[in-house]
Amino acid sequence: MKRAKKAMGGAANRAAGGSSALFEQYCDPATDEIGPEGRKFLRTLHLMPINLCVLAVLLSLMLAVHAGVERFCSDINTDPSDRKVLLLAWKMRAKRMGFFSREEFQSGLTALKATTTAQIQRALPGLEEQVECNPDSFRDFCTFAFKYCLTEPSQKLIDIDTAVTMLAIVMPREPLMPRFCDFLKEQTEYKVINFDQWTSFLRFAQEVKPDLSNYRDEDAWPILLDNFVEWGRRNADRPIDFT
């Protein structure tokens, strides 16, 4: 028993050492993080309206600015704006968009049982399978994605452009998602959405048929979704805008 525990402890230490060594290849020594380089860039980002940074562009910009992250994404053969990067951030429980702390990086790689870029690359399809096949994981991923967009400590809302882009990344296989995104882009009443509206759409997409035929007026959906149903029925025959 003691030998078994010792062997397990040794394997864990080797894994931690491997992920730490990998982290060192990409981190900024000044901050001990993998993330954007330069405080001037960060100050500029905080002054930018989020609706000028559609999420795919924002991810690409933030993740590619620091050469370490650019190399990391290149080494795992993944574009910084790819869904797999968001899945990796989810697995690492990253708290800030565009940043991986040492603790986040190591805990994420431990969960993936990976210590090299080749192992990370092989593990990424498994993350996609996990969120597509496990409802609890999918809900957790969706929750993480919304919170990951909150770039300020007191921020509770995300703008419509960011929501539309993130929905396409987070739930690309949900039949109602493209139509809902069309609605969000066309309507003018809402400029932002909150967490309740975000999570309600997840449940809505899982419970309501793509043709909206089983939607019931008496169900307690947010008004945003009631408006979507009215819009969807009026525009049932209109082609979906995939741009």
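In this predicted model, helix α8 and helix α11 (residues 195-207) have axes that come within 10 Å and cross at roughly 150 degrees. Because angles over 145 degrees count as roughly antiparallel, α8 and α11 are roughly antiparallel to each other. Their crossing is right-handed. On the α8 side, the contact is formed by Phe-138, Arg-139, Cys-142, Thr-143, Ala-145, Phe-146 and Lys-147, which meet Phe-195, Trp-198, Leu-202 and Gln-206 in α11. By class, seven residues of this contact are nonpolar, two are polar and two are charged.

Helix α8 (residues 135-148) also packs with helix α5 (residues 83-92), at an angle of about 95 degrees and with the axes 10 Å apart. Since an angle from 65 to 115 degrees counts as roughly perpendicular, α5 is roughly perpendicular to α8. From α5, Arg-83, Leu-86, Leu-87, Ala-89 and Trp-90 take part, and they meet Ser-137, Phe-138, Asp-140, Phe-141, Phe-144, Ala-145 and Tyr-148 of α8. The contact of α5 with α8 comprises nine nonpolar residues, one polar residue and two charged residues.

Setting aside neighbours within four places in sequence, Asn-227 is in contact with Phe-183, Glu-189 and Tyr-190. Phe-183 is 44 residues from Asn-227 along the chain, and the C-alpha atoms of the two are separated by 9.0 Å. With Glu-189, Asn-227 makes a polar contact between side chains, at 3.4 Å.

How values were computed
Residues numbered from 1 in each chain as written. Predicted model: local features only at pLDDT ≥ 70, side-chain atom pairs only at ≥ 80, totals over all residues. Heavy atoms only, no water. Axes fitted to C-alpha atoms, helices over the stretch in contact; angles between N-to-C directions. Helix = DSSP H or I, 4+ residues; strand = E, 2+ residues; numbered from the N terminus. Parallel < 35°, antiparallel > 145°, perpendicular 65-115°, else oblique. Contact = heavy atoms within 4.5 Å. Nonpolar A, V, L, I, M, F, W, Y, C, P; charged D, E, K, R; others polar. Left-handed = near helix turned anticlockwise from the far one by under 90°. Polar contact = N/O pair within 3.5 Å; in protein donor to acceptor, adjacent residues only side chain to side chain.
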